[in-house]
Amino acid sequence: MSTETNGKTNLSPTQKRDNNNSDSESDANNDHLIGNVQRIAIIPPNYEGKPKKGHLIFDASFECGNLGRVDYVNDNEYDLFIRPDTCCPRFRCWFLFTVENVKADQRVIFHIVNFSKAKSLYRDGMTPLVKSTSRKRWQRLPTRNVFYYRCPDHRKNYVMSFTFCFDREDDVYQFAYSFPYTYTKLQNYLENIEQRQLDYIQRRPLVYSVQKRRLDLLTVANPSLLVKGKRKKAVIVTARVHPGETPSSYVCQGFIDFIISDHPIARLLRDNIVFYIVPMLNPDGVFLGNQRCSLLGFDLNRVWNEPSHWAHPEIYGIKTHIMNLNEDADFELDFFIDIHAHSTMMNGFMYGNVYEDTNRFEKHGIFPRLFSRNAEDFSINNTTFNRDAFKAGTGRRTLGGCLQESTHCYTLEVSFFSYQTSSNSQAIPYTEELYQQLGRNLARTFLDYYKSINYVSWSPSCSIMPRLKEDRIKSRLTRQSTNMPIVNQDEAFLNGETFNLCMGEFIYPQTRNNNDNNDDNELE
């Protein structure tokens, strides 16, 4: 017998499992969920009356939220369904939701049952993130509490199950696939920069999205460099074309923070290079909590060949801007770098293009090698160069074929989970700060490149760029492992203590790139 709460029909465990094993049309529609759950209380079958303490209330009706459905299995177990991207049921990966109305010491098992990808870093030790109203820093769950497997009860979909113990009844708990970075967060960040009134930063909306959100363009350069008739070099950096790839926003913010700072390297770069930065290429998809697509269901990194001004205004706007620069005699466009996050690979790495001209191809490999000397988490071994047909509509491939031969076009990928170094086989989980550090190292690499072609000079010599003092300190702190046994770490977190990962839990062989795998090919 089913009961309804807030318009939600809750089936008994037997009914639910039977439905999931069926091939009916209604079951097929389970993956075509529309809309997020909105403060919905999940109560046991045959229960009557108002929800009581311990009847969990789920909510995803907020910016970037994603949770389409919750099924009651038993008092300690729940099946959770990711809402597919708007107008595109194919992609189901990003989740972000809250849970409240908990009891102290209430233990639960959550099964996220409809992931659309087989390969995942969950198989390599990645775990969901959690925070609460009294503990505002995102923490990763212990690896021993998380399982990723193919489940026959859900039409052989891949399922991620994790256990959790709620400890504070008044807290609201939030769970996420990765560190969220909302459209509002970006707007607040850019407004704070604007309020500083720095003469070398210009901010303007390049275009507006379908839902009338800003596609912000930052221009960073010494004002004297922008004088009409003066020849200058330009670099374009974009991020977040895929809304679920939130690490790309942190990398981009780290890049911006450095390039607008008072650091001598930043000042030298601004005096010689014009930087154009679009921090969020898919603002509607980000706001809606999509994984990969825009409001209308388009993968915006597959429409660069012929973007529509009404269906893909964001790509139409930035491509028009880039092509205008390419044809402007005042500008020499040297770089286009599009920042992404990768769900199956470790480290940061790049995708580049393949050219018939040997000299051009050799020059194309210089920047990634310089980058690997500045950033310990950047893997030159994972960096690949290709011209795969199914990536023909990406920004990297399209612009690499239509811009000047001197323009280098790359996709910069960073792992959702962790990185390994050549001197240490232990995988170091990324944090928001470590993502931003990768962005700062990207900015420093431009000085190395322009030194190598004798366009700028720098004294003292810094072919291998020293990291900022705070980077070195934070890197050491990140590497420090706790002496706390792994079995006590969840208790430490629940007691309000800092939840440190035991690095011994993250020893994995370096993941090899495999461009023949369909899951990897979808990601750029």
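Student: In which helix does Phe-371 lie?

Tutor: The model is a predicted one, in which local features need pLDDT of at least 70 and side-chain atom pairs count only at pLDDT 80 or more, while totals for chains, interfaces and linings use all residues. Residues are numbered from 1 along each chain as its sequence is written, and side-chain values use heavy atoms, with hydrogens and water left out. Helices are DSSP runs of H or I with at least four residues, strands are runs of E with at least two, and both are numbered from the N terminus. On that numbering, residues 366-374 form the helix that holds Phe-371, namely α9.

Student: Does Phe-371 count as buried or exposed?

Tutor: A residue is buried under 20% relative accessible area, exposed over 50% and partly exposed in between, with a 1.4 Å probe and protein chains only. Phe-371 has 0% relative accessibility, and therefore it counts as buried.

Student: Which residues does Phe-371 touch, not counting those up to four places away in sequence?

Tutor: Contact means heavy atoms within 4.5 Å. With residues up to four places away in sequence set aside, the partners of Phe-371 are Met-350, Phe-378, Leu-412, Leu-438, Asn-441, Leu-442 and Thr-445.

Student: How far apart in space are Phe-371 and Arg-444, C-alpha to C-alpha?

Tutor: Phe-371 and Arg-444 both belong to the contact of α9 with α11. The two are 73 residues apart in sequence, whereas their C-alpha atoms are separated in space by 8.5 Å.

Student: At what angle do α9 and α11 pack, and is the arrangement parallel or oblique?

Tutor: Axes are lines fitted to C-alpha atoms, for helices over the stretch in contact, and angles run from 0 to 180 degrees between N-to-C directions. The axes of α9 and α11 are 9 Å apart, at an angle of about 125°. Angles under 35 degrees count as roughly parallel, over 145 as roughly antiparallel, 65 to 115 as roughly perpendicular and the rest as oblique. The angle of α9 to α11 therefore counts as oblique.

Student: How do the residues of the contact of α9 with α11 divide into nonpolar, polar and charged?

Tutor: On the α9 side the contact is made by Ile-366, Phe-367, Leu-370, Phe-371 and Asn-374, and on the α11 side by Leu-438, Asn-441, Leu-442, Arg-444, Thr-445, Phe-446, Asp-448 and Tyr-449. Ala, Val, Leu, Ile, Met, Phe, Trp, Tyr, Cys and Pro count as nonpolar, Asp, Glu, Lys and Arg as charged, and the others, Gly among them, as polar. The division is 8 nonpolar, 3 polar and 2 charged.

Student: Is the crossing of α4 and α11 left-handed or right-handed?

Tutor: Helix α4 (residues 247-259) packs on α11 (residues 432-452) at about 50°, with 7 Å between the axes, and α4 is therefore oblique to α11. A crossing is left-handed if the near helix is turned anticlockwise from the far one by less than a right angle, and right-handed if clockwise. The contact of α4 with α11 has 11 nonpolar, 4 polar and 4 charged residues. The crossing of α4 and α11 is right-handed.

Student: What is the order of the open sheet of 6 strands?

Tutor: Two strands pair if DSSP finds at least two bridges between them. Strand β13 pairs with β7 in the antiparallel sense over 4 bridges, and with β9 likewise over 4 bridges. β3 (40-41) and β10 (135-140) each pair on one side only, as edge strands. With antiparallel pairing, the order is β3-β4-β7-β13-β9-β10.

Student: Which residue in β10 does Val-130 stand opposite?

Tutor: In β13, Tyr-173 is the bridge partner of Val-99, and Phe-175 is that of Val-130. Tyr-173 and Phe-175 point one way from β13, Gln-174 and Ala-176 the other way, and all are buried. β9 also pairs with β10, in the antiparallel sense over 3 bridges. In β10, the residue opposite Val-130 is Gln-139.

Student: What is the phi of Lys-212, which is not a glycine?

Tutor: Lys-212 lies in the loop between β14 (201-208) and β15 (214-220), and counts as exposed because its relative accessibility is 65%. Cys-87, in the loop between β6 (77-81) and β7, also has a positive phi, near 60°. For Lys-212, phi is positive, at about 65°.
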